[in-house]
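Trainee: I've got a structure open and I'd like to learn how to read it. Can we take it feature by feature?

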Amino acid sequence: MIGDYKGSLTREQFLFYEIRTTASMLTQGMTHEEILKEIKENNLFQFPTERTITLIANACFRRIDALESKTLVDYLANAPVNVAKQVNLYAMMKYNRVVWDFMTLVIGEKFRTQELSFSRKDLNVFFFILREENETVSSWSDATVNKIKQVLTKSLVECNYLDNIKSTQLNPVSIAPELEDEIRFNNDISALPAFNCFR
């Protein structure tokens, strides 16, 4: 199941280190409460306030829950960084419909048509249409939308879709076989184009 449209992406961002840390503790059998206590006591996330730490930890828990897969949580915790980053991107897609729509409708479509140019215009058009079609998104301020555009772009850089935030060309990424197997197992086939997978 895919989540709702959430503006919280402005705060939550890609969070790779944080979600990997959280997943690692989950795979060791720790409860949410124990993990949160550990993160706070040892300042594992390096955030300035306890409130922020709690918000970010809860975001990680929700993303992990959205995966609905113990196997993928294990990959988040233990797989090589490039694989785990793709799993995190998939978790973001599952948890927040903005990321899902952007990755499948914009990025997936570019891979499908082999039109690999990428610019601010792609983000602007995507959000223009989304605001027209969705009441939640239309209620967001311009500042929120601009921040989400930045997070989406940075997420593409994190997963090597773009070389840097100023890149105007998408790289033809390859899906990690471990992630592809699990997406197919979960019958989530419509996610595959976002990872340049059309077989």
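Mentor: Helices themselves are DSSP runs of H or I, at least four residues long, numbered from the N terminus. Before the cases, know that this is a predicted model, where local features need pLDDT of at least 70 and side-chain atom pairs count only at pLDDT 80 or more, while totals for chains, interfaces and linings use all residues. Residues are numbered from 1 along each chain as its sequence is written, and side-chain values use heavy atoms, with hydrogens and water left out.

Trainee: Okay, which hand does the crossing of H5 and H6 have?

Mentor: H5 and H6 cross in the left-handed sense.

Trainee: And at what angle do their axes cross?

Mentor: Axes are lines fitted to C-alpha atoms, for helices over the stretch in contact, and angles run from 0 to 180 degrees between N-to-C directions. The axes of H5 and H6 cross at roughly 130° and come within 8 Å. Angles under 35 degrees count as roughly parallel, over 145 as roughly antiparallel, 65 to 115 as roughly perpendicular and the rest as oblique, so H5 is oblique to H6.

Trainee: Which residues make that contact?

Mentor: Contact means heavy atoms within 4.5 Å. H5 brings Leu72, Tyr75 and Leu76, and H6 brings Ala84, Val87, Asn88 and Tyr90. To sort them, count Ala, Val, Leu, Ile, Met, Phe, Trp, Tyr, Cys and Pro as nonpolar, Asp, Glu, Lys and Arg as charged, and the others, Gly among them, as polar. The contact of H5 with H6 then has 6 nonpolar residues, 1 polar and no charged.

Trainee: Ala84 turned up there. Is Ala84 buried or exposed?

Mentor: Buried means under 20% relative accessible area, exposed over 50%, and partly exposed in between, using a 1.4 Å probe and protein chains only. Ala84 has 0% relative accessibility, so it counts as buried. Leaving out residues up to four places away in sequence, Ala84 touches Phe16, Arg20, Tyr75, Leu76 and Ala79.

Trainee: What does H6 do with H11?

Mentor: H6 and H11 pack at about 30°, their axes 9 Å apart. Val83, Gln86, Val87 and Tyr90 of H6 meet Glu178, Leu179 and Ile183 of H11. That set divides into 5 nonpolar, 1 polar and 1 charged.

Trainee: Where is Glu182, and what does it touch?

Mentor: Glu182 lies in H11, residues 177–185. Its relative accessible area is 11%, so Glu182 is buried. Not counting residues up to four places away in sequence, Glu182 touches Ser69, Thr71 and Leu72. Glu182 and Thr71 are 111 residues apart in sequence, yet 7.7 Å apart in space, C-alpha to C-alpha.

Trainee: How do I check the length of a helix?

Mentor: The expected span is 1.5 Å times one less than the number of residues. H2 (residues 16–27) has 12 residues and should span 16 Å, which agrees with end C-alpha atoms 16 Å apart.

Trainee: What do the buried residues of H2 pack against?

Mentor: They pack against H3 (32–41), H4 (50–67), H5 (70–78) and H6 (81–95). Among the buried residues of H2 are Phe16, Ile19, Arg20 and Met25. H2 and H3 pack at an angle of about 130°, with axes 10 Å apart, and that makes H2 oblique to H3. Their crossing is right-handed. Thr22, Met25 and Leu26 of H2 make the contact with His32, Ile35, Glu38 and Ile39 of H3.

Trainee: Last one: what should I look for in phi?

Mentor: Most residues other than glycine have a negative phi. Gln114 has a positive phi of about 60° although it is not a glycine. Gln114 sits in the loop between H7 (97–113) and H8 (120–133), and its 51% relative accessibility makes it exposed. Asn196, also not a glycine, has a positive phi of about 60°, and Asn196 is in the segment after H11. Glu68, which follows H4, has a positive phi near 50°. Just after H2, Gly29 takes a positive phi of about 90°.

Methods: Helices (H or I, at least four residues) and strands (E, at least two) are DSSP runs, numbered from the N terminus. A crossing is left-handed if the near helix is turned anticlockwise from the far one by less than a right angle, and right-handed if clockwise.
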